[in-house]
Amino acid sequence: MRFENPIFLWLLCALPLLLLIRFYLWRHQQTLMRRLGEWSLLKKLIPDRSGRRQLTKFILLLSAMACLIIALARPQMGSKISKDKRQGIEVMICLDISNSMRATDVSPSRLEKSKLLVENLVDHFQNDRIGLVVFAGDAFVQLPITADHVSAKMFLNSVDPSLITTQGTDIAAAIKLSANTFSQNKPIGKAIVLITDGEDHEGGAAEAARDAHKKGINVYILGVGTNTGAPVPDGAGGYLTSQEGQTVVSSLNEDMCKEVAQAGKGTYIHVTNTSAAQQSINHELTRLEQGEIDSVIYSEYDEQYQTFIILALILLLTDASILNVKNPHLQRINILRRKKKADNEK
C-alpha cells in the first residue's frame with residue numbers, strides 16, 4: 001500500500017496527545033467529585049451518570065478522526081500488474097565515486113553534477129532497460145539491468161564515495177563488470193555510459209572497452225571536471241594531502257577518456273553543461289539497434305480512501321446514537337429482576 005499524500009499521516013501523532021488530555025481531564029473531574037462527598041452518596045444523587053458511555057464515545061470519536069486522517073492521505077494499492085513487450089535498448093551506467101569526484105571545479109561538485117546528469121538520463125529513457133554500476137578502486141553493481149526506472153533513481157540517491165573503501169579509478173573493472181550484466185544472446189543495442197574524471201587511472205581500460213565492443217557493447221565516456229582541476233575535499237572540512245604534505249589537486253584526464261571511448265567505438269563527451277551533455281549522449285544512443293524488451297508494469301493504483309471514510313461515518317453515527325447519560329426508558333427494563341420475581345412466585 002502507498003499513500004498519495006503521506007504528509008497527512010503526521011496528524012496521527014496528535015491523537016495520542018488528545019488521549020493524554022482526555023485522561024488529564026478525567027483525573028481532574030474525579031478529584032472535584034471527591035471534594036463534593038462520598039462516591040457512594042454521589043452515585044445516588046446522579047444515577048443517570050455513565051463514565052463508560054463517555055469513554056466509549058471518546059474512543060469512537062478518536063477512531064473516526066484516525067480514519068479521516070488516513071483517508072486524507074489517500075491510501076492506494078496497485079490493482080494491476082501487466083507484462084508488456086516494447087522496443088528499446090539496454091544501457092549500463094557506470095558512475096565514478098572515487099574521492100576525486102568530490103572536487104568542486106564544477107558546481108556543486110563532480111559527483112553531484114554526475115548524479116544530476118544520470119537522473120536526467122533516466123527520465124529520458126522510456127522503453128529502455130538500465131542498470132547502475134559504481135566504481136572507484138573496485139566496482140560493484142548498485143542496480144542490475146532493469147526496466148524499473150523508479151528504482152534506478154532511488155538507488156542513485158544513496159550513491160556516495162563511502163560505498164567503496166578501495167580508492168583509485170579502476171575503469172577497466174567497471175567496464176568488465178558492466179559487460180557481464182547485459183542480456184546474453186539477445187539482438188538488442190547495448191551501451192556502457194561511463195561517467196568519470198579519469199583521475200588515478202589504474203590501466204587496462206582501453207583493452208576492456210575493446211573487449212566489450214567485440215561482444216556488441218559500445219562504450220561511451222562522459223568526462224566531468226576541468227583541465228585546471230581543484231583540490232579534493234576529504235569529507236571532514238579540509239582537503240586531501242599527499243605524503244609530502246602537499247594539497248592534492250585533481251584534474252580531468254581527457255586524453256585517457258578519449259582513448260577508452262575510441263577503443264569501445266563510442267564517443268567522448270565533456271560535461272560542461274548537463275543539458276547539452278544529456279542531449280549529446282541521447283543522440284548517440286538513438287543510433288543503436290532497438291530490440292524487444294519484456295517489462296513488468298505496475299499500474300492503475302486503486303484508491304482505498306473510500307473504505308476509511310465509510311468506517312469513519314459508521315463510527316460517528318455510533319457515537320451519535322450513544323447518549324452521555326443512561327437512557328431512563330431502558331433503565332425500567334430489567335430482565336434479571338423479572339426473572340427473580342418469577343422464581344419467587346414459584
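Helices here are DSSP runs of at least four residues, numbered from the N terminus. The model shown is predicted.

**View 1. Ala 172 in helix H6.** Helix H6 covers residues 171–179, and Ala 172 is part of this helix. Ala 172 counts as buried because its relative accessibility is 5%, and buried means under 20%. Leaving aside residues up to four places away in sequence, Ala 172 touches Gly 203, Gly 204, Ala 205 and Ala 208.

**View 2. Helix H4 by itself.** Helix H4 runs over residues 110–124. From its first C-alpha to its last, H4 reaches 21 Å with 15 residues, close to the 21 Å expected at 1.5 Å a residue. The buried residues of H4 are Arg 110, Leu 111, Lys 113, Ser 114, Lys 115, Leu 117, Val 118, Leu 121 and Val 122.

**View 3. The crossing of helices H4 and H9.** Helix H9 is formed by residues 274–285, and its axis comes within 10 Å of the axis of H4, with a crossing angle of roughly 45 degrees. H4 is therefore oblique to H9. The crossing in which H4 passes H9 is right-handed.

**View 4. Residues in the contact of H4 with H9.** From H4, the contact is made by Lys 113, Leu 116, Leu 117, Asn 120, Leu 121 and His 124. From H9, Thr 274, Ala 277, Gln 278, Ile 281 and Asn 282 take part. Five of the contact residues are nonpolar, five are polar and one is charged. Among the H4 residues listed for this contact, Lys 113, Leu 117 and Leu 121 are buried.

Terms used. Residues numbered from 1 in each chain as written. Predicted model: local features only at pLDDT ≥ 70, side-chain atom pairs only at ≥ 80, totals over all residues. Heavy atoms only, no water. Axes fitted to C-alpha atoms, helices over the stretch in contact; angles between N-to-C directions. Helix = DSSP H or I, 4+ residues; strand = E, 2+ residues; numbered from the N terminus. Parallel < 35°, antiparallel > 145°, perpendicular 65-115°, else oblique. Left-handed = near helix turned anticlockwise from the far one by under 90°. Contact = heavy atoms within 4.5 Å. Nonpolar A, V, L, I, M, F, W, Y, C, P; charged D, E, K, R; others polar. Expected span 1.5 Å × (residues − 1). Buried < 20%, exposed > 50% of the residue type's maximum accessible area, 1.4 Å probe, protein only.
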